[in-house]
Amino acid sequence: MEQVIRERIPIRIKNVMNPRNSGTVIFPDVIEEINPRNPLHDPRRFRVRSSSNLSQHARPKRPTAVTIKHHIVVMNVHSRRKTRSHGFLAGIFATLDKWHLSVDLVSSSEVHVSMALHSEVTLFSGGGVEELKIQDEDLRGAVEDLEEYGSVDLVPDMAIVSLVGKQLKNMVGISGKFFSTLGENNINIEMISQGASEINISCVIEKREADRALNVVHTNLFTFLQ
């Protein structure tokens, strides 16, 4: 597939159990030519609203899929300073890299950052919340180092629910429908992440609500969404 992608050829993904279905077509991004006389004037440095790139294709009416990712822990770091702290985020991510921790989602402000960490190994030991202890050496080391930047707290037993689809940012109101569906079904959201990616809207919820969230989002945003 790398050769096809390199030559900017559209790829159609089909279901082997339903070959007559049209499937999903993955189109290459629109890239303008760089002016050789002025290489600094590279149009690819600037992000244009994606609606202009959809003129040649049918505008999508609904998302493609909803997914769940388990084994998530939310780490919150609160800076002790009340104003912008130079190097705050840089120091945090350098620390996570040092301890080999993988970050799936990030939500931040000037003095606070929340991160969804994923791990297939058991990070904690103990029963209830009051008895939980960090048993993973990497996580323990990261928390100890991060306390240099501020107070650190962990929220275990979480999951990520993601809405996936081509050009989600051009589906007006889709974020509202997604989050309101969870709210109407009493599913609390710990953090939200929708960044530069146009194919993904994600939020973190409690692990015990993951399967129910998957069902209610699928029912409301795929079955009845016109």
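These are my notebook entries on a predicted protein model.

**Entry: ground rules**

Residues are numbered from 1 along each chain as its sequence is written, and side-chain values use heavy atoms, with hydrogens and water left out. Because the model is predicted, local features need pLDDT of at least 70 and side-chain atom pairs count only at pLDDT 80 or more, while totals for chains, interfaces and linings use all residues.

**Entry: the whole protein**

I looked up the secondary structure and found five helices and ten strands. Helices (H or I, at least four residues) and strands (E, at least two) are DSSP runs, numbered from the N terminus.

Next I looked up burial. Of the 226 residues, 32% count as buried. Buried means under 20% relative accessible area, exposed means over 50%, and partly exposed lies in between (1.4 Å probe, protein chains only).

The accessible surface comes to about 14800 Å². Carbon and sulfur atoms hold 51% of that surface. Areas come from the Shrake-Rupley method with a 1.4 Å probe; for residues, only the protein chains shown count as cover.

Then I checked contacts, meaning heavy atoms within 4.5 Å. Among contacts with a separation of 6 or more, 68% join residues 24 or more positions apart.

**Entry: the cores**

Which residues touch the most other members of the largest nonpolar core? I found Leu163, Phe178, Leu182 and Val217, out of 18 residues in that core. Strand 8, helix 4 (174–184), strand 10 (200–206) and helix 5 (210–223) each supply at least two residues of this core. Helix 5 gives the largest share, five residues. Apart from this core lies another, of 17 residues, including Val73, Phe88, Leu96 and Val143. A nonpolar core is a set of buried Ala, Val, Leu, Ile, Met, Phe, Trp, Tyr and Cys residues joined through side-chain atoms within 4.5 Å.

I followed Leu182 further. Leaving aside its neighbours within four places in sequence, Leu182 is in contact with Val161, Ile187, Ile189, Cys203, Ala213 and Val217.

**Entry: helix 3**

Helix 3 covers residues 137–146. In this helix I found Leu139, Gly141, Ala142, Val143 and Leu146 buried. What covers them? The cover includes strand 3 (65–79), helix 2 (88–98), strand 5 (112–118), strand 6 (124–125), strand 7 (133–134) and strand 8 (150–164).

I also checked the N-terminal end of helix 3. Asp136 caps it, with a side-chain oxygen 3.2 Å from the backbone nitrogen of Asp138. A polar contact is a pair of N or O atoms within 3.5 Å; within protein, one must be able to donate a hydrogen and the other to accept it, and residues adjacent in sequence count only if both atoms are side-chain atoms.

**Entry: salt bridges**

Side chains of opposite charge can pair when their charged atoms come close. How many salt bridges does the structure hold? I noted six. A salt bridge is a side-chain nitrogen of Lys or Arg within 4 Å of a carboxyl oxygen of Asp or Glu.

Asp145 and Lys98 form one of them (3.0 Å, N to O). This pair links distant parts of the chain: Asp145 sits in helix 3 and Lys98 in helix 2, 47 residues apart. Asp145 is partly exposed at 25% relative accessible area. Lys98 is exposed at 52%.

Glu209 meets Arg208 at 3.7 Å (N to O) and Arg212 at 2.9 Å (N to O). Is Glu209 buried or exposed? Glu209 is buried, because its relative accessibility is 13%. Arg208 is exposed at 65%, and Arg212 is partly exposed at 33%. Together, Glu206, Arg208, Glu209 and Arg212 are linked in a network of salt bridges.

**Entry: a surface patch**

Leu89, Phe93 and Val106 form a nonpolar patch on the surface. Their accessible area together is about 200 Å². Phe93 belongs to helix 2 and is partly exposed, at 32% relative accessibility. Patches are made of residues with over 30% relative accessible area and no salt bridge: like charges are joined within 9 Å, nonpolar side chains (Val, Leu, Ile, Met, Phe, Trp, Tyr) within 5 Å.

**Entry: positive phi**

Most residues other than glycine have a negative phi. I noted His100, not a glycine, with a positive phi of about 60 degrees. His100 lies in the loop between helix 2 and strand 4 (103–108). His100 counts as exposed, at 66% relative accessibility.

Asn186, not a glycine, has a positive phi of about 60 degrees. Asn186 lies in the loop between helix 4 and strand 9 (191–193). Asn186 is exposed, with 65% relative accessible area.
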